[in-house]
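I opened my notebook to go through one protein chain. My plan was to start with the whole chain and then look up single residues.

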Amino acid sequence: MTHNPIRPWRNIERRKSRQIHVGSVPVGGDAPISVQTMTNTVTTDIKGTIAQVTAAAEAGADIVRVSVPDEVSAKALKEIVRESPVPIVADIHFHYRRGIEAAEAGAACLRINPGNIGDEKRVREVIAAARDHGCSMRIGVNAGSLEKHLLEKYGEPCPEAMVESGLEHIRILEDNDFHEFKISVKASDVFLAAAAYQQLAEATDAPIHLGITEAGGLTSGTIKSAIGMGNLLWMGIGDTIRVSLSADPVEEVKVGYEILKSLGLRHRGVNIISCPSCARQGFDVIKTVEALETRLEHIKTPMSLSIIGCVVNGPGEALMTDVGFTGGGAGSGMVYLAGKASHKMSNDQMIDHIVEEVEKRAATIEAEAQAAE
């Protein structure tokens, strides 16, 4: 759980799950909640796919998924896996042979969909390949591709049908003595996904892969994901997450981290606290924050920065952040360091100066952490 004895209302009691591994990344148990994304390049474009995987990893992705729709993609996967800085999950649909080929190509995990992977005999062959090559697996239930018998039983996609689909597939894996698996029950409907995940969390101790599938574009998808996933994470449900956006995979990673950072579940990079701006602002807050978000992307050290346009809330916010800037008058504002007013700085020099102060503070935090080891 997150532990804050001073502010217990900030604590999140994480659901107890067993731990598996996706390559070198632990998932479940007491492991940090990992962030995933998926490439949208054509997999046979090896160079382009590797570039996208690398960009996602640099943005903070712990795991990246790659679609394997055909045999030539499975062959390309081998080189992608070899060049990837993070574990690769092979996304498998419709043809079980692709799962076997992906395992042979070195995938760290196989994502299979119970609704379209085939009968139990074929699943057993995929399980054997996963075991032989050290792969974990993800049971990926999706409301849009449930098995026919479940749709006939329940009449429509519903939480009970999704969980039943997942549990049926868990039974197949466990009957074959395979336990290195995680599971998801995704839907584009936030209510349906949330209800399914809550039921799933009570029905199994398997690690849960969290996501609102086909959430939409950058803005609408971010909001839907934050509402659906945020509430589940707040309840302690979720061991690894993927934000599904019609956008660059790097944006999925950024949004995923912001959701986790807002709940105190992961800490990476600069958390910027900024006001929406108003007529009281002593400088252009919006343009300043946009510039700082770009200029500070290279900072990986967890730290906080407050950018507030005036003295109404600025000094109070600055007390709680590593570095702060509060707008004043006459073309300058106050710089705060470690919660204390430090010195004034002109507005026309503030961005460069704040970047320097953040870099210095990050270096200090890293040095203190190393000294404490």
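I am working on a predicted model, where local features need pLDDT of at least 70, side-chain atom pairs count only at pLDDT 80 or more, and totals for chains, interfaces and linings use all residues. Residues are numbered from 1 along each chain as its sequence is written, and side-chain values use heavy atoms, with hydrogens and water left out.

**Entry: the whole chain**

I counted 12 helices and 15 strands in the chain. Then I checked the radius of gyration, taken over C-alpha atoms; the globule rule is 2.2 Å times the number of residues to the power 0.38. For 373 residues the rule puts a compact globule near 21 Å, and the chain's 23 Å agrees with that. The C-alpha atoms fill a box of roughly 75 × 40 × 40 Å along the principal axes.

Next came burial. I call a residue buried under 20% relative accessible area, exposed over 50%, and partly exposed in between (1.4 Å probe, protein chains only). By that rule, 51% of the 373 residues are buried.

I also looked at contacts, meaning heavy atoms within 4.5 Å. Of the contacts between residues at least 6 apart in sequence, 62% join residues at least 24 apart.

I looked up Thr37 in strand β3 (residues 34-38). Is Thr37 buried or exposed? Thr37 has a relative accessible area of 1%, so it counts as buried. Its side chain reaches the backbone oxygen of Pro249 at 3.4 Å. For such polar pairs I used N or O atoms within 3.5 Å; within protein, one must be able to donate a hydrogen and the other to accept it, and residues adjacent in sequence count only if both atoms are side-chain atoms. Leaving aside neighbours within four places in sequence, Thr37 is in contact with residues including Ala56, Ile63, Arg242 and Pro249.

Then I turned to Thr326, in strand β13 (residues 323-327). Thr326 is buried because its relative accessible area is 3%. Which backbone oxygen does the side chain of Thr326 reach? That of Gly314, at 3.5 Å. Not counting residues up to four places away in sequence, Thr326 touches Phe283, Cys310, Gly314 and Tyr336, among others.

**Entry: helix α3**

Helix α3 (residues 96-105) is mostly covered, with eight of its 10 residues buried. Among the buried ones I noted Tyr96, Arg98, Glu101 and Ala105. I asked what the buried residues of α3 pack against. I found α2 (71-83), β5 (88-92), β6 (109-112) and α4 (120-132). Just after α3, Gly106 takes a positive phi of about 105°.

**Entry: positive phi without glycine**

Phe94 is not a glycine, yet has a positive phi of about 70°. I found Phe94 in the loop between β5 and α3. Phe94 is at 61% relative accessibility, so it counts as exposed.

Glu214 is not a glycine either, and its phi is positive at about 45°. Where does Glu214 sit? In the loop between β9 (209-210) and α8 (218-234). Glu214 is exposed, because its relative accessible area is 58%.

Note on methods:
Helix = DSSP H or I, 4+ residues; strand = E, 2+ residues; numbered from the N terminus.
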